[in-house]
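Work through the following exercises with the model open in a viewer. Each task is followed by its solution in steps.

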Amino acid sequence: MDAAPALSFTPAVGDMALSAQQRSLLSLANELGRTKFAPRAHLWDEAASFPMANFDDLRDAGLLALCVPQADGGGGADYATYMMVAAEIGRFCGATALTWNMHISSTMWTGVLADGIPMTDAQRSEHARRRTLHFARVVKDGAIYAQPFSEGSAAAAGRAPFGTTARKVEGGWLVNGRKIFASLSGAADYYGILCTEDKGDAHPDARDTLYLAVPANAPGVAVSGDWNPLGMRGTVSRNLSFKDVFVSDDEQLMPRGVYYKGAQTWPAMFFTLAPTYLGIANAAYDFTVAYLRGEIAGEPPVKRRMYPTKQIAVAQMRIQLENLKSIFVRSIQEARPQPSADERMRLYAAQYTVMEGANDIARLAIRTCGGQSMMKHLPLERLYRDSRCGSLMLPWTAELVLDRMGRETLYRPGEKDE
Ligand SMILES: Cc1cc2nc3c(=O)[nH]c(=O)nc-3n(C[C@H](O)[C@H](O)[C@H](O)COP(=O)(O)OP(=O)(O)OC[C@H]3O[C@@H](n4cnc5c(N)ncnc54)[C@H](O)[C@@H]3O)c2cc1C
């Protein structure tokens with residue numbers, strides 16, 4: 001029986017066929033977002049501080065463990081379900097949705113995505129044992145994981161080995177290096193880093209990428225640098241450094257060599273930053289409609305909807321939003337290991353459409369609502385600033401998506417010019 005009742009709102013992904021689990025999770029996310037995250041969003045933005053109160057709510061609601069398999073005590077949500085819920089949260093607080101994504105990814109990559117990555121029997125059983133420890137931290141202790149990959153080099157773009165290294169030592173690994181833009185820095189309990197195995201031969205190879213959980217309190221881990229950015233200020237994405245940090249063998253979030261294969265097998269793993277921005281696009285559109293109707297709480301009830309120019313702008317925004325939702329939904333529904341060439345192209349196109357489109361919708365929202373709408377006590381200017389960040393996120397920045405699409409269309413695998 002389909003137990004969960006019909007939704008009383010249109011979710012950020014649009015009105016589509018949803019399972020009972022999806023309806024129930026979307027209702028939960030919408031309720032938390034409306035009542036808790038939206039009213040607090042200005043706090044994190046003003047102070048550039050981490051939304052810890054929201055993470056406490058996410059933990060209490062079981063949402064930190066959303067993608068931990070049910071057999072391990074989690075919510076057992078699949079990829080598409082996570083993407084829908086993330087968009088709903090992004091509608092109310094972009095910084096919360098984006099940092100929640102970093103946390104969730106560590107459970108999804110080791111969980112449902114890893115299940116679709118080829119491994120030897122020995123790797124599979126090693127992974128099964130280790131991920132149980134890691135899932136238990138999330139389910140039982142409510143631990144928060146971050147995902148600091150970026151180093152300011154071509155590594156996070158997938159074009160070079162990571163400069164952060166791990167050398168095998170008795171019982172574990174010795175980690176050295178530095179990460180930039182580490183969202184949740186100072187807030188996470190574990191940093192799920194990508195680094196290159198140092199084999200001592202001075203030939204670092206991306207195929208030797210390791211995915212390790214570094215406990216935030218391990219000796220040698222330090223957070224540094226200022227954090228005063230344009231948007232997504234609540235992500236608190238400062239620098240991390242690792243100086244001879246020892247992590248035990250059990251901190252391997254994937255067996256040796258498997259991350260590299262995973263990145264090739266499951267390109268949709270890099271699409272998980274997009275729902276935050278689909279949520280923001282919805283929020284900018286929702287705000288515009290309410291503002292033009294004179295329905296923003298606390299504002300004078302001035303209607304602006306009678307002007308044809310405003311009506312046309314709202315129509316344009318809706319057309320763009322429908323485009324974003326359509327390609328987003330198709331991409332999450334068809335996401336799978338080893339996608340076809342067309343599915344992969346569509347995934348790139350979806351990333352580009354959502355990341356650039358969200359900012360364009362926010363731009364139109366400010367232009368249409370007008371000068372009074374961009375005052376700091378209203379959310380629109382924050383949505384505008386936050387929306388600008390989506391296209392900057394590696395490995396699929398807007399530029400790199402164009403680069404991949406053009407190259408992969410004009411060159412077949414292995415093809416070169418003389
Ligand atoms: C709010 C926010 C939160 C973030 N959180 C995280 C996080 O939690 N974890 C994390 O790992 N990172 C995070 N990032 C970092 C992000 O993924 C990018 O690494 C970062 O924005 C790149 O900044 P950069 O100045 O080093 O850009 P650069 O690397 O200098 O790149 C500039 C642009 O050049 C292009 N480019 C880069 N490399 C290549 C190449 N090899 N070939 C062709 N073009 C290239 C890209 O389009 C890129 O946008 C976050 C970023 C933001 C804005």
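The exercises below concern a predicted model and treat its domains, its ligand shell and its nonpolar core.

**Exercise 1.** State how the chain is divided and describe the contact between domain 2 and domain 3.

Solution.
- Step 1: The division gives domain 1 (20-143), domain 2 (146-259) and domain 3 (266-410).
- Step 2: Between the centres of domain 2 and domain 3, taken over C-alpha atoms, the separation is 30 Å.
- Step 3: In the contact, seven residues of domain 2 meet seven residues of domain 3.
- Step 4: The domain 2 side of this contact comprises four nonpolar and three polar residues, with no charged ones.

**Exercise 2.** Characterise the shell around the ligand.

Solution.
- Step 1: The shell holds 24 residues, and Ser-150, Phe-181, Ser-183, Met-232 and Glu-399 come nearest to the ligand.
- Step 2: Two elements give two or more residues each, β3 (172-182) and α11 (398-410).
- Step 3: The most come from α11, which supplies three residues.
- Step 4: Domain 2 and domain 3 each provide at least three residues of the shell.
- Step 5: Sorted by class, 14 are nonpolar, seven polar and three charged.

**Exercise 3.** Locate Leu-212 in the largest nonpolar core and list its contacts.

Solution.
- Step 1: This core has 119 residues, and Leu-212 is among those with the most contacts inside it, as are Tyr-82 and Val-214.
- Step 2: With neighbours within four places in sequence left aside, the contacts of Leu-212 include Ala-166, Trp-173, Val-175, Ile-193 and Cys-195.
- Step 3: Glu-251 and Gln-252 are also among the contacts of Leu-212.

Note on methods: Residues numbered from 1 in each chain as written. Predicted model: local features only at pLDDT ≥ 70, side-chain atom pairs only at ≥ 80, totals over all residues. Core = buried A, V, L, I, M, F, W, Y, C linked by C-beta atoms within 7 Å. Buried ≥ 20, exposed ≤ 12 C-beta atoms within 10 Å, placed from the backbone. Contact = placed C-beta atoms within 7 Å. Near = placed C-beta within 6 Å. Helix = DSSP H or I, 4+ residues; strand = E, 2+ residues; numbered from the N terminus. Nonpolar A, V, L, I, M, F, W, Y, C, P; charged D, E, K, R; others polar. Domains from an automatic or database assignment.
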